[in-house]
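Welcome! Please have a look at the structure before you start.

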Amino acid sequence: MSKQQYYGTSQDPLIGAPYGQPPYQQQPYQQQPYPQQQPYGQQPQQPPYYQQPQPQFHQAPYQHQQQFQTQPGQFVPQQPHGKPPVPPSNPPQFATRRRFNDLWAAILFFVFMAGFVAMAYIGVPNVITSFKTGEFKFPHSNNTATAGGSSAGTVKLGVDTNDILGLLGASVGTGLGFSVVYFFLMLNFPGPLITISYFFNILLLLAMAGFAFYLRIIVMAVIYLIFAILTGVAYYYVRDRIPFSKLVLETVCKITARYNGTLFVALGGVILSAAFSILWLVTVLGMANFSATKNLSDAVSIVILVLLVFINFWFNEVVRNTVHVAVCGTFASYYFLGVQQPNSTVVTLPSSNTTAKSLGRALTTSFGSVCFGSLLVSIIRTLKFIANVAKNDSAQDGNILCCFLAACLECILACLADILDYFNKFAYTEIAIYGKPYCDAGKDTWNLIKYKGIDLIINDCMIGQVLGMGSFFTALLCAFAAFLYIHLKDGLGSLGNGVAVYIITCLICAFIGAWIFLVLLEVIDSGASATFVCLAEDPATIQRQLPTLFGMIQDRFPQVTWGMQSNAYN
């Protein structure tokens with residue numbers, strides 16, 4: 001059976017070929033491989049063609065990490081004298097049938113969402129009725145909360161609608177404008193931004209330490225001072241990695257500008273999360289009113305609240321990680337399917353709608369895996385929420401021991417959630433590239449962290465600091481826009497222009513600005529993760545497909561090209 005007969009004639013092997021199909025079949029089978037460097041002093045010879053072992057229908061689905069030994073006749077890329085060799089390209093073997101991985105997790109997710117729809121059906125009408133009457137009832141209380149200023153069945157907010165629209169327009173316009181400017185800064189000045197972000201963090205920590213000293217909170221001041229010193233020491237020891245991170249950030253921005261559909265995918269995810277959060281908040285208020293009205297027991301009210309909190313965590317995790325998988329799939333298609341044209345830096349891809357196809361995979365064959373990983377994080381965050389409630393109740397009751405134990409448990413769960421969330425970022429990248437089930441992706445991510453963990457964390461922190469600085473300045477500028485609006489309007493309606501009005505309004509607009517910058521942050525962060533994983537997993541394919549980019553990467557940081565396969569290739 002020929003290779004074409006086995007793999008089919010699809011123009012994009014990543015599409016319609018889930019876990020198992022090699023994402024490297026876009027090159028013609030008889031294409032000349034990347035030239036092999038001969039030992040010093042010998043005449044160059046024509047290297048043999050790369051021979052891919054013929055796949056069989058009965059073989060194991062994923063053999064990527066275990067088959068790194070050089071096969072007879074297999075092309076082994078060599079590097080110039082003095083640089084480590086690149087391990088041979090060894091794509092995974094795939095079955096031809098589409099496979100929906102971790103389908104049980106997707107089914108369970110839709111079951112919980114159906115439960116949320118039922119609670120929203122009950123809760124939302126209760127909130128609407130309460131707004132009309134101006135009264136809210138909550139469990140564990142005999143009191144009724146009244147919406148202040150309500151008369152004739154209406155609730156008066158004290159703010160004119162034009163002021164609300166004006167503040168929203170000022171914050172959204174400022175956030176979008178600065179996000180565009182910051183994107184072009186990352187595209188044209190990535191190196192200076194990385195350096196500036198380190199010094200910005202140091203100055204910010206020093207400012208917070210000085211403010212803590214001013215308030216005479218010595219312990220907090222010392223902690224901030226220590227972190228400022230550690231940040232400076234970290235910069236000193238990792239400054240030689242800046243050229244590589246600069247190239248990664250610049251490359252990611254260029255790919256994002258070319259495939260700007262990734263920005264629309266991220267924007268859709270942010271809008272969907274915001275809309276769900278509003279609906280969730282209304283549902284929580286409605287179910288609280290429903291529980292008090294129907295005199296439900298305390299245990300039932302608590303179960304409803306915990307269930308709603310868990311659904312909120314899970315839904316937002318699924319949306320965020322689906323966007324991450326879609327963006328990573330787009331970048332992986334560029335690195336593994338893109339072909340650099342001869343005597344040019346132009347890279348062409350076989351498909352014009354790469355992002356749409358990647359999003360399709362994220363919402364179909366890989367959606368169960370996304371739900372699986374998101375479920376684990378959501379469970380831990382829900383347990384953290386329960387520990388926080390227990391801590392607050394113990395503090396109100398004066399039970400110091402229970403309060404201390406609950407605080408310790410909350411801290412441990414918060415650390416576990418953050419660690420698993422960071423781990424999942426690269427596990428989802430493996431899922432986006434190879435279409436693996438979540439457990440297989442987790443195993444390969446663990447190997448990636450074991451062998452390339454320091455490089456991965458350093459690169460991720462450098463780019464993350466640039467994105468964090470951009471988010472901070474976006475929020476700051478949006479807050480300043482709100483301040484100017486209130487100042488020029490001489491207050492907000494009947495609320496006036498008191499200090500509390502300025503503070504609350506500026507905080508709300510700052511939150512809106514940070515939320516807008518999140519669109520750009522998600523795409524750049526996902527692209528950087530995909531870049532590093534592709535380099536770590538299969539540098540030989542990038543060397544063959546994009547030799548110019550690979551050469552620039554090797555000049556700036558040669559060690560990063562000695563990928564995961566090197567451990568067995570040695």
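The protein has 16 helices and 4 strands, where helices (H or I, at least four residues) and strands (E, at least two) are DSSP runs numbered from the N terminus. This is a predicted model, in which local features need pLDDT of at least 70 and side-chain atom pairs count only at pLDDT 80 or more, while totals for chains, interfaces and linings use all residues. Residues are numbered from 1 along each chain as its sequence is written, and side-chain values use heavy atoms, with hydrogens and water left out.

**Exercise 1. Overall picture**

Find what share of the 570 residues counts as buried, and what share of contacts between residues at least 6 apart in sequence joins residues at least 24 apart.

Solution. Start with burial: buried means under 20% relative accessible area, exposed over 50%, and partly exposed in between (1.4 Å probe, protein chains only). On that scale, 47% of the 570 residues are buried. Next take contacts, meaning heavy atoms within 4.5 Å. Among those between residues at least 6 apart in sequence, 79% join residues at least 24 apart.

**Exercise 2. H8 and its partners**

Describe how helix H8 (residues 298-337) packs on H13 and how H8 crosses helix H10 (residues 367-397).

Solution. First, the geometry with H13: the two helices pack at an angle of about 50°, with their axes 8 Å apart. Axes here are lines fitted to C-alpha atoms, for helices over the stretch in contact, and angles run from 0 to 180 degrees between N-to-C directions. H8 is therefore oblique to H13, given that angles under 35 degrees count as roughly parallel, over 145 as roughly antiparallel, 65 to 115 as roughly perpendicular and the rest as oblique. The crossing of H8 and H13 is right-handed; a crossing is right-handed if the near helix is turned clockwise from the far one by less than a right angle, and left-handed if anticlockwise.

Second, the residues: H8 brings a set including Arg320, His324, Phe331 and Tyr335, and H13 a set including Glu522, Ser526, Ala530 and Cys534. By class, the contact of H8 with H13 has 9 nonpolar, 5 polar and 2 charged residues. Here Ala, Val, Leu, Ile, Met, Phe, Trp, Tyr, Cys and Pro count as nonpolar, Asp, Glu, Lys and Arg as charged, and the others, Gly among them, as polar.

Third, turn to H10: the axes of H8 and H10 come within 8 Å and cross at roughly 140°. That makes H8 oblique to H10, and this crossing is right-handed. Residues of H8 including Val306, Phe310, Trp314 and Glu317 meet residues of H10 including Phe367, Leu375, Arg381 and Phe385. The contact of H8 with H10 divides into 16 nonpolar, 5 polar and 2 charged residues.

**Exercise 3. H11 against H13**

Work out how helix H11 (residues 400-434) is oriented to helix H13 (residues 499-537).

Solution. The axes come within 10 Å and cross at roughly 70°. H11 is therefore roughly perpendicular to H13. The handedness of this crossing is right-handed. On the H11 side the contact has Lys425, Phe426, Thr429, Glu430, Ile433 and Tyr434, and on the H13 side Asp525, Ser529, Ala530, Val533, Cys534 and Glu537. Sorted by class, the contact of H11 with H13 has 6 nonpolar, 2 polar and 4 charged residues.

**Exercise 4. H4 and what follows**

Compare the span of helix H4 (residues 190-214) with its expected value, then examine Arg216.

Solution. H4 has 25 residues and reaches 36 Å from its first C-alpha to its last, close to the 36 Å expected at 1.5 Å a residue; the expected span is 1.5 Å times one less than the number of residues. Buried residues of H4 include Leu193, Tyr198, Phe200 and Leu205. Also in H4 is Asn201, which touches Thr231 and Gln465, not counting residues up to four places away in sequence. Arg216 sits in the loop between H4 and helix H5 (218-238) and is exposed, at 72% relative accessibility.
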